[in-house]
Amino acid sequence: MNATMSPPYREPLIPREPGERVIPEPPRRGEPGGPPCGICTGQSTSPVWSDENWTLHPPVGGSLPGAVWLASRVHVDSFSDLPDELAAEFGQVVARVERAILSLGDVARVHLYRYGDGGAHFHVWFVPRPLGMLEASGMMLPLWEDALPNVPDEELAAAAERVAAAM
Ligand SMILES: [Zn+2]
């Protein structure tokens, strides 16, 4: 962590120990034994952009307009499960999304996250770090995104539509 990065909380934060491990882990959405896949069952936000292999969606309940998530059309879990053609295409589609988000302006950098802990359908998050917001650099951006007040979902959707228009 560099000196500029700082969490959206006042000091002192009190370190704590991790809890007991949960093994086996509970099944995720879209995994055998788990709840249905929200993406395949259309429970997620409607795409603002799509092509034959990918769909791009606005978030709900977020604080940073311009954030979007990209999903494969095919239900596979992670990078290692993507067909080679899609894996090769991924870099190109990410570049298009990144350029589109940067074109909104007031964005320093576009962060790209793949967690995979919530659902078993391949998707990645694009989160714009606001220009000049150095304290939200690196791993601090998701914390700031969580701590800042949410903007209306309509505003998130409108920003995602602008991203889609720039694709
Ligand atoms: Zn799915």
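Trainee: Which residue forms a salt bridge with Arg114, the closest N and O atoms being 3.2 Å apart?

Mentor: Some background before we look: this is a predicted model, where local features need pLDDT of at least 70, side-chain atom pairs count only at pLDDT 80 or more, and totals for chains, interfaces and linings use all residues. Residues are numbered from 1 along each chain as its sequence is written, and side-chain values use heavy atoms, with hydrogens and water left out. A salt bridge here puts a side-chain nitrogen of Lys or Arg within 4 Å of a carboxyl oxygen of Asp or Glu. At 3.2 Å between the closest N and O atoms, the partner of Arg114 is Asp77.

Trainee: How many residues apart in sequence are the parts that Arg114 and Asp77 tie together?

Mentor: Helices (H or I, at least four residues) and strands (E, at least two) are DSSP runs, numbered from the N terminus. Arg114 sits in the loop between strand 4 and strand 5, while Asp77 belongs to the loop between strand 3 and helix 1, so the separation in residues is 37.

Trainee: Which residues are linked with Asp77 in a network of salt bridges?

Mentor: Side chains of opposite charge can pair when their charged atoms come close. Arg28 reaches Asp77 with N and O atoms 2.6 Å apart, and Arg28 also meets Glu31 at 2.6 Å, N to O. With Asp77, the network holds Arg28, Glu31 and Arg114.

Trainee: Is Arg28 buried or exposed?

Mentor: Buried means under 20% relative accessible area and exposed over 50%, with partly exposed in between (1.4 Å probe, protein chains only). Glu31 is partly exposed at 25%, and Asp77 is also partly exposed, at 23%. Arg28 has a relative accessible area of 16%, so Arg28 is buried.

Trainee: Let's turn to the metal. What is the geometry of the zinc ion site with its 4 donor atoms?

Mentor: Donors are N, O and S atoms within 2.8 Å of the metal (3.2 Å for Na, K and Ca); water is not among the atoms, so sites may look incomplete. The protein donors are Cys37 (SG), Cys40 (SG), His75 (ND1) and His121 (ND1), at 2.0 to 2.3 Å from the zinc ion. Four donors count as tetrahedral if all angles lie between 85 and 135 degrees. The angles here are 105 to 117°, and the site is tetrahedral.

Trainee: How many residues of strand 3 (residues 68-72) are buried?

Mentor: Val68, Leu70 and Ser72 point one way from the strand, and Trp69 and Ala71 point the other way. Residues on both sides are buried. The count for strand 3 is 5 of 5.

Methods
Tetrahedral: all angles 85-135°; square planar, octahedral: opposite > 155°, others 65-115°.
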